[in-house]
Amino acid sequence: MYASNFQKAIKIIFIILLANIFIGVLKLYMFLITGSLAILAYLIDTFIDIMNDSIAFVALNKAMKPADIDHPYGHGKYEALSRLIISILVFITVFEIVSQSIERLIFSRTFIFINWNVLQLFLILILYYVLISGVELYSYKKTGIKLLEASLWHYVTDPLTTIIVFISLFLVSMGLYYLDIIASYLICVIILYAAYKIFRESALILVDQAVLDHEEIREKILSRFYPLIKDCHAIKTRSDGFGIYLDCHIIIDPNLTVEKAHELAHQVERYIKEIYQNKVFRGLTIHIEPEGSEFLDEDT
């Protein structure tokens, strides 16, 4: 079932990727005939979409591969690393757009040609982004793949971006040329916010930040299994961007047989998955310690 959902998500991402390439060509055409910095920033936003969709497509395919000797925790972090690199490139690109805007504002009054054909294209773009948001929302509800949810919230902002550019260019066509620069700044702010979110989320994955409340996990396990489980410690959680890896130690009665202790560990695993039904666990390891053991966990 999980593999089937991945396959569906991959198809959706691939279709959206092809559509965004077409939209990118359309925006490039609009920029070339207008020379608008607002449309240039708008084009960069689509470039980010294309890169994100490309990475998502590759990452989803890699995430389906089982762990191997070289990648015992799977291949999910390639996606986070790629997004981190993209966010840095976006910061550099936005800096270049802002520099051009300042130069145009101070040293020149570049003529911007806007006609009604260009403005009418924005109506198509608004409908496109609304459609994409609807498709990704439906796909996320059907598959539960978190990457689709992240992509969805990005596309939700695109209709707003399109409206901002449309209004600014409509006013530019009436002779208010400086509004093109102001609009480019607004688009850059939106892009920078999206790039910052990508950078932060990717960085937190790469540095293995805890993704669940460890004290909450301990309390839930003890409330469910005490006195079979005397205590729970050395809890560790991390994410590869697609799911959660969890490790913890449970302290049990030393008189339990190996078989019963093993079954207890499996019960804990099932219970954790039950209480976090909205989470995907790609690895869950329960380590057993007998009460009174002299074993010291250096990481505790």
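Predicted model: local features only at pLDDT ≥ 70, side-chain atom pairs only at ≥ 80, totals over all residues.
Let me start with two helices, α8, which covers residues 214-225, and α9, which covers residues 258-275, whose axes come within 11 Å of each other and cross at roughly 125°. With that angle the two helices count as oblique to each other, and the crossing in which α8 passes α9 is a right-handed one. On the α8 side the contact is made by K220, I221, R224 and F225, while α9 contributes L264, Q267, V268, Y271, I272 and I275. If we sort the residues of this contact by class, we find 7 nonpolar, 1 polar and 2 charged.

Let me step back to the whole chain for a moment. The chain has 9 helices and 3 strands, and, reading from the N terminus, the elements run α-α-α-α-α-α-α-α-β-β-α-β. Of the 300 residues in the chain, 44% are buried. If we take the contacts between residues at least 6 apart in sequence, 74% of them join residues that are at least 24 apart.

From α6 the contact takes in T161, I164, V165, S168, L169, L171 and V172, and from α7 it takes in L179, D180, A183, L186, I187 and I190. By class, this contact of α6 with α7 holds 10 nonpolar, 2 polar and 1 charged residues.

How is strand β2 joined to strand β1, and how to strand β3? Strand β1, residues 229-239, is joined to β2 by 8 bridges, and these two strands run antiparallel; within that pairing, D231 stands opposite I251 of β2. The hairpin of β1 and β2 has 4 residues between the strands, and in it G241 takes a positive phi near 100°. Towards β3, residues 281-290, there are 9 bridges from β2, and here the strands run parallel, with C248 having I286 in β3 as its bridge partner.

K27 lies in helix α1, residues 2-34. Is K27 buried or exposed? With a relative accessibility of 0%, K27 counts as buried, and, leaving out residues up to four places away in sequence, K27 touches I39, Y42, L43, T46, L125 and Y129.

The other residue is I86, which is found in helix α3, residues 77-107, and which, at 6% relative accessibility, also counts as buried. Setting aside its neighbours within four places in sequence, I86 is in contact with M51, N52 and I55. I86 and I48 are 38 residues apart along the chain, and yet their C-alpha atoms are separated by 7.8 Å.

Notes: Residues numbered from 1 in each chain as written. Heavy atoms only, no water. Buried < 20%, exposed > 50% of the residue type's maximum accessible area, 1.4 Å probe, protein only. Contact = heavy atoms within 4.5 Å. Axes fitted to C-alpha atoms, helices over the stretch in contact; angles between N-to-C directions. Parallel < 35°, antiparallel > 145°, perpendicular 65-115°, else oblique. Left-handed = near helix turned anticlockwise from the far one by under 90°. Nonpolar A, V, L, I, M, F, W, Y, C, P; charged D, E, K, R; others polar. Pairing = 2+ DSSP bridges.
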